[in-house]
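Here is a walk through one chain, from the overall layout down to single contacts. Have the sequence and the 3D view open as you read.

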Amino acid sequence: MKQTAMLLIRFYRKVISPLLPRCCKYYPSCSAYALGVLERFGFLRGSWLAIWRLLRCNPWSKGGFDPVPQKFDILGRHTPADFPQDDE
């Protein structure tokens, strides 16, 4: 199921997405995020996080940097380990 879901997302990215205007509020894009969470967490958990991300992508959200989390959280929250640290 994971491979099928990833195939559908790749199809969307190659065929459908180029026909639409660029309007992503988040980085990485929702489709890249979905591929990442499916790869890292499998079909059930990855699908849940991808759906949750799509629900957060709305006119009232701020958007911004939202990487694939290192550990699963039901609400896709991040820990400090999910963000790169500056070496000073």
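What follows starts with the ground rules and then goes through the chain part by part.

## Ground rules

This is a predicted model, so local features are reported only at pLDDT of at least 70 and side-chain atom pairs only at pLDDT 80 or more, while totals for chains, interfaces and linings use all residues. Residues are numbered from 1 along each chain as its sequence is written, and side-chain values use heavy atoms, with hydrogens and water left out.

## The overall layout

The chain has two helices and two strands, and they come in the order α-β-α-β along the sequence. Both kinds of element are DSSP runs numbered from the N terminus: helices are H or I with at least four residues, strands are E with at least two.

Of the 88 residues, 31% count as buried. Here buried means under 20% relative accessible area, exposed means over 50%, and partly exposed is in between (1.4 Å probe, protein chains only). The chain exposes about 6600 Å², with carbon and sulfur atoms supplying 63% of that; the areas come from the Shrake-Rupley method with a 1.4 Å probe, and for residues only the protein chains shown count as cover. As for contacts (heavy atoms within 4.5 Å), take those with a separation of 6 or more: residues 24 or more positions apart account for 62% of them.

Helix α1 covers residues 2-16. Its 15 residues should span 21 Å at 1.5 Å a residue, and the end C-alpha atoms are 20 Å apart, which agrees. The expected span is 1.5 Å times one less than the number of residues.

Which residues of α1 are buried? They are Ala5, Met6 and Ile9. Seen down the axis of α1, the buried residues fall within an arc of 100°, so they line one face of the helix; the arc is taken from the directions from the helix axis to the C-beta atoms.

Leu35 sits in helix α2, which runs over residues 30-56. Leu35 is buried, at 13% relative accessible area. Leaving aside residues up to four places away in sequence, Leu35 touches Met6, Ile9, Arg10 and Arg13.

## A greasy patch

Phe11, Tyr12, Val15, Ile16, Leu19 and Leu20 make a nonpolar surface patch of about 570 Å². Patch members have over 30% relative accessible area and no salt bridge; like charges are joined within 9 Å and nonpolar side chains (Val, Leu, Ile, Met, Phe, Trp, Tyr) within 5 Å. Val15, which lies in α1, is partly exposed at 41%.

## The salt-bridge network

How many salt bridges does a search of the whole structure find? It finds two, where a salt bridge is a side-chain nitrogen of Lys or Arg within 4 Å of a carboxyl oxygen of Asp or Glu. Arg53 pairs with Asp66 (3.3 Å, N to O). Arg53 lies in helix α2 and Asp66 in the segment after β2 (64-65), so this pair ties together parts that are 13 residues apart in sequence. Arg53 counts as buried, at 0% relative accessibility, and Asp66 is buried too, at 4%.

Asp66 also meets Arg56 (3.2 Å, N to O). That pair links distant parts of the chain, with Asp66 in the segment after β2 and Arg56 in helix α2, 10 residues apart.

## The loop into α2, and the tail

A cis peptide bond joins Tyr27 and Pro28, with omega about 0°. Pro28 lies in the loop between β1 (26-27) and α2, and Ser29 lies in that loop as well. Not counting residues up to four places away in sequence, Ser29 touches Arg13, Cys24 and Arg53. The C-alpha atoms of Ser29 and Pro67, 38 residues apart along the chain, are separated by 9.5 Å.

Further on, Leu75 is found in the segment after β2 and is partly exposed, at 35% relative accessible area. Leu75 and Leu49 are 26 residues apart in sequence, with 7.3 Å between their C-alpha atoms.
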